[in-house]
Amino acid sequence: MNRHPPTAINHPRRIAIIGGGPAGLYAAALLKRLDPTRRITLWERNAPTDTFGFGVVLSDETLGGIEHADPVVHEALQRHFVRWDDIDIVHRGTRHTSTGHGFAALGRRRLLEILHERCRSLGVELRFRSQAPDPARLVGTHDLVIAADGVHSTTREAYAPVFRPQVAAHRCRYVWLAADFAFDAFRFEIAETEYGVMQLHAYPYAAASSTVIVEMREEVWRAAGFADLDEQESVERCAKIFADALGGRPLRSNRSAWTTFRTVVNERWSHGNLVLLGDAAHTAHFSIGSGTKLAVEDALALAACLEEQPSLERALAAYETQRRPVVASTQRAARASLEWFENLHLHLDQPPRQFAFNLLTRSRRVTHDNLRLRDAHFTESVEREFGCPPATPPMFTPFRLRGLTLRNRVVVSPMDMYSATDGLPGDFHLVHLGARALGGAGLVMTEMVCVSPEGRITPGCTGLYTGRQAEAWKRITDFVHAQAPGTAIGVQLGHSGRKGSTRLMWEGMDEPLEDGNWPLVAASPLPYKPSGQTPRALTRAQLTDIREQFAAAARRAARAGFDLLELHCAHGYLLSGFLSPLTNLRTDAYGGPLERRLRFPLEVFDAVRGVWPQEKPLTVRISATDWAEGGTTAEDAVGIARAFAAHGADAIDVSTGQVVADERPEFGRSYQTPFADRIRHEAGVPVIAVGAISSWDDVNSLILAGRTDLCALARPHLYDPHWTLHAAAEQGYDGPGVRWPAPYRAGSRRPRTGRSEEAPKPRLNMGT
């Protein structure tokens with residue numbers, strides 16, 4: 001492998017392209033059109049008529065880029081597109097149709113023929129049935145080498161130490177097939193068989209042809225005997241299972257093999273004068289129709305960067321900088337969609353319209369608000385089935401927890417403020433929590449309130465270990481109840497465990513105090529960070545003392561007038577440290593398998609429930625995964641939730657991570673919600689979703705889809721204390737789910753804003 005290929009090239013003239021799929025072909029056509037003097041050679045190991053799969057879907061956005069970059073290609077595509085607007089969802093004999101979605105598709109073979117013809121007309125040299133020379137040789141003989149050789153890219157693997165690929169296989173098997181008739185909509189159909197759940201994804205790509213994908217989990221595939229069938233037998237079996245959808249017509253294959261989807265991610269996309277394109281660089285699950293779209297958009301972006309930048313090195317850097325966020329966003333959406341189908345069985349018993357809405361919004365790309373714009377009739381029917389009164393967004397429906405009825409589904413999430421003195425909440429906390437209570441949320445939560453001085457995270461943390469602290473908290477709850485009637489206020493009780501005795505967040509998060517440290521305790525003697533203090537493992541006597549500290553704090557919380565209490569068993573603090581196998585290495589009755597790791601947190605829960613008023617709800621926050629190998633799994637999280645629910649927990653507040661310092665979280669929009677969704681459906685307990693939920697549209701979507709019961713938002717309430725009031729104003733809602741305080745009513749209409757700037761124009765506009 002040539003580790004140092006040349007990079008001092010201004011505008012590449014000799015270009016080698018490995019792979020003759022849409023990415024490589026379209027890049028070849030664009031680059032040749034931009035500079036006809038370029039010598040571009042493309043190698044494809046298969047024949048020009050060989051292709052896998054049947055139809056491809058392109059978005060209007062992608063087509064707009066093609067139209068401006070190469071009207072000839074765009075015009076040819078337009079002649080062959082099949083367009084439709086509807087999505088049909090068929091489940092348990094009922095079909096629900098949602099319209100206004102706007103799809104365009106054509107045959108994959110036709111797409112390749114159009115690109116072949118365009119490349120030849122421009123003078124690109126296409127070498128079919130030819131294995132490309134070794135990439136290490138090509139980088140020395142060409143100015144630019146584009147590796148567009150697909151998901152199984154040999155180029156990527158040859159340069160693996162440079163690109164550092166990560167390839168993840170998933171839980172479902174699927175097969176690409178075709179039917180010789182055109183569905184009149186994008187169709188999802190669910191088959192509940194004796195072996196398990198199977199699903200069909202189908203869409204038209206020509207006047208008399210449709211793509212049909214059959215998918216199911218690996219264990220269902222094996223139980224159904226597909227592993228023992230040949231290609232034709234599999235095709236016939238799929239046609240029989242989905243005979244109703246197909247109208248009894250057969251399916252056909254094209255060297256179709258059952259496979260497992262592989263998500264490809266690379267740390268780098270280029271090295272010297274070698275660059276990855278399309279599936280060689282990244283993949284996204286077919287259920288959001290993104291593969292060809294991403295490939296074409298990669299080619300457009302690469303061509304534009306080569307045109308705009310003064311050197312190849314800067315062009316490849318710009319290409320990666322510009323495309324990586326777009327691809328990462330698409331991969332997150334695709335991952336959400338993929339996992340929804342992997343866990344399809346969780347949603348089968350939902351009300352039929354809610355099930356359809358859940359499927360449509362699974363990737364988070366389609367939301368309640370834009371679905372309402374596309375198909376108001378369908379969305380309103382889902383809202384009626386859910387129980388929304390007329391003109392009431394889902395987020396403003398009430399929710400009952402034990403004796404407490406919350407007027408809406410918005411929770412101000414617990415946020416440590418690190419602004420107390422000797423554990424006392426002061427004027428800052430009154431203003432902070434009071435402002436957010438006036439802001440309209442159904443429930444406002446305190447920060448983690450510590451049960452002892454030694455249980456604080458920092459010297460600035462609040463407590464409930466003295467009567468004076470309880471009186472200070474009562475001042476705050478009295479304000480909320482008097483000035484923000486209808487808003488409930490809850491307290492979160494916790495103990496820092498091994499994450500205590502640290503500096504204020506803005507002085508060095510999780511860093512030990514420079515002086516004045518107090519001793520730490522934990523399930524096991526493991527420091528949170530190498531630079532941190534090593535805690536002492538708790539003895540039986542100390543466990544009893546801490547359990548009583550929690551109970552005493554709960555009594556004070558009741559006297560202080562809180563409406564709800566939450567037990568903090570997440571984020572690596574003391575009780576969380578018992579739950580995770582990474583932080584609990586005990587060999588006594590409080591360590592080992594999950595049921596023993598649960599023992600102390602459940603003892604604390606029982607002690608708190610025993611003194612907390614019976615009519616008031618008690619919830620538990622957990623970390624549903626540690627984001628680290630060997631840590632808490634999603635399956636463990638369901639078991640933890642079931643255990644707390646069996647002991648009387650009224651809801652589970654589902655967070656993740658912050659348990660070990662070397663975690664690798666998969667951040668993204670509402671990224672923790674799938675864990676809440678799973679717990680809600682498998683454990684049968686109400687849940688609070690939290691984590692990167694920022695818009696009222698997200699809240700409405702998650703509530704209406706049945707993925708959560710409540711949504712907790714933190715940073716949005718730091719940005720805007722009146723977030724919920726403003727959400728009501730922006731949706732034109734004025735009902736019992738939220739009330740503007742009398743002094744604020746003059747501001748209950750959204751202010752006028754200035755004219756927004758025009759959207760940026762496409763960058764490659766080369767005429768005809």
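Entry 1: I started with an open sheet of seven strands, whose order is 6-5-11-12-13-10-14 with mixed pairing. I looked up its edges next: strand 6 (94-98) and strand 14 (259-266) each pair on one side only. From one strand to the next, I find that the twist averages 25 degrees. A reminder to myself: this is a predicted model.

Entry 2: I picked out strand 12 (residues 196-206) and strand 13 (residues 209-217), which run antiparallel and are joined by eight bridges. For Pro204, I found its bridge partner in strand 13 to be Ser210.

**Entry 3: the cores.** I then turned to the largest nonpolar core, which has 87 residues.

**Entry 4: the whole chain.** I count 27 helices and 28 strands in the chain. Its radius of gyration is 29 Å, close to the 27 Å that the globule rule gives for 768 residues, so I can call the chain as compact as a globular protein of that length. Along the principal axes, the C-alpha atoms fill a box of roughly 85 × 60 × 60 Å. I also noted that buried residues make up 60% of the 768 residues. The accessible surface comes to about 30700 Å², and 49% of that belongs to carbon and sulfur atoms.

Conventions: Residues numbered from 1 in each chain as written. Predicted model: local features only at pLDDT ≥ 70, side-chain atom pairs only at ≥ 80, totals over all residues. Heavy atoms only, no water. Pairing = 2+ DSSP bridges. Helix = DSSP H or I, 4+ residues; strand = E, 2+ residues; numbered from the N terminus. Axes fitted to C-alpha atoms, helices over the stretch in contact; angles between N-to-C directions. Core = buried A, V, L, I, M, F, W, Y, C linked by side-chain atoms within 4.5 Å. Buried < 20%, exposed > 50% of the residue type's maximum accessible area, 1.4 Å probe, protein only. Rg over C-alpha atoms; globule rule 2.2 N^0.38 Å. Areas by Shrake-Rupley, 256 points an atom, 1.4 Å probe, with all protein chains shown as cover.
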